[in-house]
Structures are given as C-alpha cells and as structure tokens.
Amino acid sequence: IVLSVSIVLLFANDPRLGGILLAWAAVYGTVSFLLARRCIVLSQAMSAAGSTLTGRLVDGIANADLVRGFARVDHERRHLGEFVDNERNCSRRLRWFLLMIRSFQSASVCALLILLCWISIVDAVAGRMTPGTFVLGVPGEQMPVDPCLVRNGGNVPGLVNLNTATVESLR
C-alpha cells in the first residue's frame with residue numbers, strides 16, 4: 001500500500017521520479033519473486049536432508065547394541081558422516097543463498113535511494129523542482145530535516161546550500 005501511494009504521489013508531482021520508482025518496484029518484485037522460488041527449493045532440500053539425518057541417527061541409536069555387536073563401527077561412522085555432510089552442505093547452500101537475497105535487496109534499495117536523492121538534489125539546485133516535490137523525491141525516513149539546518153539558512157559546510165526562498169518555504 002505504501003509503495004502504491006508513493007508511486008501515485010510521485011507521478012502526480014514528477015512523472016520521471018514516479019516512473020523510476022515504478023520501474024524499480026517491477027524489477028525488485030520480479031527478481032525477489034524468482035529468488036524466493038529458488039529459496040523454497042533449497043529450503044526443501046535442507047529439510048529433507050535434516051529429516052534423513054535425524055532418521056539415520058535415531059535408527060543408529062535404537063540399534064546401537066546390534067551395531068556394536070555385528071557391524072563395523074568405522075563403516076557406520078562413515079555412513080552417518082555422509083548424511084551429516086549432506087545436511088551441512090544443504091544448509092550451507094541455503095544460508096549463502098539467503099545472504100545473496102538480502103544483499104541484492106539491500107543493494108537495490110540503496111541504489112534507488114541514491115538515484116532518487118541525486119535526481120532530486122540536481123533538480124532542486126537547478127530550480128526545476130518545488131520544495132514539495134523535493135521532499136517527496138528525497139526519502140524522508142533516511143534523511144530527516146535538521147531544524148538547525150533550516151534555521152541557519154542551509155549554510156552548512158560540505159552540504160549543498162539551499163537558497164533563501166527554499167528555506168523560507170520549508171518553514
């Protein structure tokens with residue numbers, strides 16, 4: 001819902017920013033959906049490997065006397081070790097894939113924020129953007145307005161200086 005409202009508001013104020021957000025949302029949603037489908041396959045494989053390992057361990061414990069009396073202990077250890085290794089490898093593949101998903105999602109959100117901020121700042125400095133559209137284009141949660149910055153006329157070293165008209169309209 002928030003994304004839909006954001007897209008509508010951005011389209012109403014600046015169709016270019018709204019289009020960027022809409023295109024980003026389509027790509028982000030599609031890639032996340034495809035990654036989630038692959039994650040389900042890896043999760044099922046890990047679950048199956050864990051269940052098989054648990055079954056083999058229970059069987060080995062239940063038949064410990066028979067294994068000790070008639071089987072080769074080294075053979076049983078190697079046999080159980082294969083299931084442990086399989087479960088560990090399935091878990092490792094799933095964890096790395098989850099890390100890749102989170103990295104993709106974080107990088108794509110960061111890229112969107114940087115792009116929207118850059119376009120908004122360039123347009124605001126050039127006078128092509130109203131203060132209201134600037135506030136919509138620059139994500140508010142990540143860049144809160146500092147009351148000292150507005151009181152001091154935006155003249156902070158290292159930051160883009162806001163002109164007086166923009167500062168007055170923000171008050």
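By about how many helical turns are Trp-24 and Tyr-28 separated in helix α2? The two residues lie four positions apart in helix α2 and are therefore separated by about one helical turn.

The model is predicted, so local features need pLDDT of at least 70 and side-chain atom pairs count only at pLDDT 80 or more, while totals for chains, interfaces and linings use all residues. Residues are numbered from 1 along each chain as its sequence is written, and side-chain values use heavy atoms, without hydrogens and water.

Two aromatic pairs are present in the structure (ring centres of Phe, Tyr or the six-membered ring of Trp within 6.5 Å; stacked, planes under 30 degrees apart). Trp-24 and Tyr-28 are stacked, at 4.6 Å centre to centre and 20 degrees between the planes. Tyr-28 also stacks with Phe-104, at 6.1 Å and 20 degrees. This second pair connects distant parts of the chain, with Tyr-28 in helix α2 and Phe-104 in helix α4 (residues 73-126), 76 residues apart.

The axes of helices α1 (residues 2-13) and α2 (residues 15-62) come within 6 Å and cross at roughly 150 degrees. The helices are therefore roughly antiparallel (angles over 145 degrees). Their contact (heavy atoms within 4.5 Å) includes Leu-3 and Phe-11 of α1 and Leu-21 and Ala-25 of α2. The contact residues divide into nine nonpolar, four polar and no charged.

Notes: Axes fitted to C-alpha atoms, helices over the stretch in contact; angles between N-to-C directions. Parallel < 35°, antiparallel > 145°, perpendicular 65-115°, else oblique. Nonpolar A, V, L, I, M, F, W, Y, C, P; charged D, E, K, R; others polar. Phe/Tyr/Trp six-rings, centres within 6.5 Å; stacked < 30°, edge-to-face > 60°.
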